Amino acid sequence: MELTLDQLKQYDGTNPSNPIYIGVKGRIFDVTTAKSFYGPGGSYAMFAGKDASRALAKMSKNDEDVIGSLDGLTEKEIGILNDWEKKFEAKYPIVGSLAA
């Protein structure tokens, strides 16, 4: 499955009949099993239905960082993002990719 960023927004947890997806480095993870974190009211709900790559790299919950752009990230931030990616791979199924 390939989704655009606009299509990914449908999977933000606000529609209980849809799974909750998060984009990380071009791949889409199904985080529905962690609804308490990523669903509405959850501490990471701002990532749901979006590409959270930059925000994860910067350890940020600011809206302007919840994007896929990795431009200008430091080597340390890229390392942090890679660590997050490994955690997501270990915990959640990959269900698709983000359209370029």
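Predicted model: local features only at pLDDT ≥ 70, side-chain atom pairs only at ≥ 80, totals over all residues.
**Group meeting: a mixed sheet and a pocket**

Residues are numbered from 1 along each chain as its sequence is written, and side-chain values use heavy atoms, with hydrogens and water left out.

A word on terms: helices (H or I, at least four residues) and strands (E, at least two) are DSSP runs, numbered from the N terminus. Two strands pair if DSSP finds at least two bridges between them.

Now the sheet. What is the order of the four strands in the open sheet? It reads β1-β4-β3-β2, with mixed pairing. The edges are β1 (2–3) and β2, each pairing on one side only. Against the sheet packs α4, which touches β2 and β3 (contact means heavy atoms within 4.5 Å). The direction of α4 makes about 45 degrees with that of β3; here axes are lines fitted to C-alpha atoms, for helices over the stretch in contact, and angles run from 0 to 180 degrees between N-to-C directions.

Let's walk through the pairs. β1 and β4 are parallel, with two bridges. β4 (residues 94–98) and β3 run antiparallel, joined by three bridges. In that pair, F29 has I94 as its bridge partner, and R27 stands opposite S97. β3 (residues 27–30) also pairs with β2 (residues 21–24), in the antiparallel sense over four bridges. There, Y21 partners D30 and G23 partners I28. β2 and β3 make a hairpin with two residues between them, and K25 in the turn has a positive phi of about 50 degrees.

On to the pocket. On a 1 Å grid over the protein atoms alone, where a 1.4 Å probe fits, a pocket is an open set of points with protein on both sides within 12 Å along at least five of seven lines; lining residues have an atom within 4 Å of a point. The largest pocket holds about 200 Å³ of space, a volume being the space filled by probe spheres set on the points, which are joined across faces, edges and corners.

Which helix gives the largest share of its lining? That is α4, with four residues. Both α2 (35–38) and α4 (75–91) supply at least two. Among the lining residues are F37, Y38, W84, K87 and F88.

Finally, the record: an unreviewed UniProt entry annotates residues 3–99 as "domain: Cytochrome b5 heme-binding". The end C-alpha atoms of that span lie 6 Å apart, and the span is 32% helix and 14% strand. Thanks, everyone!

Note on methods. UniProt positions renumbered as here; feature names shortened; annotations may be inferred.
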